[in-house]
Amino acid sequence: MATVLAGVGCSGRIGSIGGGDGEGGSGPGSGTPVISRASKPAAPLRRLSRLQYNNTVRDLLGDTTRPAEGFQAEEVLGTFSGSAALARVSPIAADQYRTAAETLSAAAVKNLSALISCKPTDATTEEACAKTFIIDFGLRAYRRPLAADEVTGKLEVFRKVRALGDFSFGIQGVIAALLQSPHFLYRPELPAPGSAVGSVVPLPPYQLASRLSYFLLNTMPDQELFAAAKANRLTSIEDIETQARRLLKDPRARESVGQFFGEWLILGALDDMSKDATLFPDFNDTLKAAMKEETLRFATATVLDGDARLDTLLTSSQSFINAPLGKLYGVTAGADYGRVTFDPLQRSGLLTQASLLTRTAHDDSNSPTRRGKFVREAFMCQSPPPPPPGIPGLPSVKTGQTARERYQQHVANATCAACHTMMDPIGFGFSNYDPIGRYQTMEGGRPVDASGEIVQSKDLDGPFNGVVELSRRLAGSDNVRACLTAQWFRYALGRTEDSGDAASIQGAEGAFSPAGDLRELVIATTKSDSFRSRVVEVP
């Protein structure tokens, strides 16, 4: 029952999906939002991520086997997965999609009554029933209504496969074909045929419904979103905001918010981390999993259950830990994850959590460079240039030597200093935390010096003492808020921003900045020109 997987650049129906109403509308009072003339938002083709594939077949077929776990590992371009630049399918991936489609379709028809409401009794009613199924199921699989020729094509698939077996086998063939189609595996966002090249057009309702759902829930639209698209109730900014706020309250939003934080903070790197077993005998897979879980629980609870403020994310002395983490942190904790309050002089939000402290250290020692580079890139959106060739590594760790003493060689060497002054002085402020995040007041037999400094920033330059103070500085920074706005934009759109997105990012940042409310940042992102529309490119 193999079906040929069409390529990304296929012509025909994938080139004529949906329709737009032109650029803008008749003004704010018309209910159609006006698109800024300065906006030129790109909308490159995006393929379902493994997480999105699993979630989509769960909601489409009720299948919870998570077949994409066995797919080829995803490439990551930049920080976030699902980059539009990585949409091409390798021959291996195409074969995996085919196998999954055949397995999923065979399992689905074992409970045919859950898929089909009609009960055919002869050849005529079978074909009528199959057509109804193709129209209804195809809408959900493609996340838009099927065109007449698509219905005809899938009906022909039914006839051919039905001839080899029974009615159920014919439906199985249809499902397998739909699940291998580019319209299922990709999220096409194409303007209406005839749209003027260079113009900016709103995304049609069904395309916008998919964009909202995959951004906020990492899965296909639900019935309410489909109904809104059908009734053309996804055209005004008010419509979009209503749906976005509703989706953020859906329990499935926790996974998507967690994915943002997991990828932004690169928590997946913990999986492959190792530490010197002599120095850190308690460091194991159980502890690594607990570190990651703490950060995900803390972040999602802050955004979806708490005040959603950036201040809380960066300065809270509370978190969610279990017994292994309690031992690490030196506080009492139960077997399951529960809320605890730390000493506010020791723990202050994300930057003092063991997950980030562990990920940014070496296996036997701290790394001011790694820790400072992480702050610079993740919170300030500034990437130091790569080191020039031929730079020697640091000498081995000496007994009684602090990380500060070892890494001072970077800033003392003129060749190294140009880059390392942007990273190491920030990392020196993390000296109170060892390579697995334990709080320490002594290092190398001497009291810890946690003084640090930020240079070459937009609004953060100056000395600080320790991560608690650093976190407060970051929480009040306009640069950090602008950076976090850009991070959410990249996660939502699957690409980095460019000049055509300036108005969208400024608008989202404006909604975020007054109170530092992360929920409002997410909502504002969905209301932006770049999220709601696209520029018409040369075909």
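This is a predicted model: local features need pLDDT of at least 70, side-chain atom pairs count only at pLDDT 80 or more; totals for chains, interfaces and linings use all residues.
How many residues line the largest pocket, and which lie nearest its centre? Residues are numbered from 1 along each chain as its sequence is written, and side-chain values use heavy atoms, without hydrogens and water.

**View 1. Lining of the largest pocket.** The lining comprises 23 residues, with Leu51, Glu74, Ser81, Gln259 and Glu263 nearest the centre. A pocket is an open set of points on a 1 Å grid over the protein atoms alone, where a 1.4 Å probe fits, with protein on both sides within 12 Å along at least five of seven lines; lining residues have an atom within 4 Å of a point. Eight lining residues are nonpolar, seven polar and eight charged (Ala, Val, Leu, Ile, Met, Phe, Trp, Tyr, Cys and Pro count as nonpolar, Asp, Glu, Lys and Arg as charged, the others, Gly among them, as polar).

**View 2. Helices around the largest pocket.** At least two lining residues come from each of α1 (50-61), α10 (253-264) and α11 (285-305) (helices are DSSP runs of H or I, at least four residues, numbered from the N terminus). The largest share, five residues, belongs to α10.

**View 3. Crossing of α9 and α22.** The axes of α9 (residues 237-248) and α22 (residues 518-527) come within 9 Å and cross at roughly 140 degrees (axes are lines fitted to C-alpha atoms over the stretch in contact, with angles from 0 to 180 degrees between N-to-C directions).
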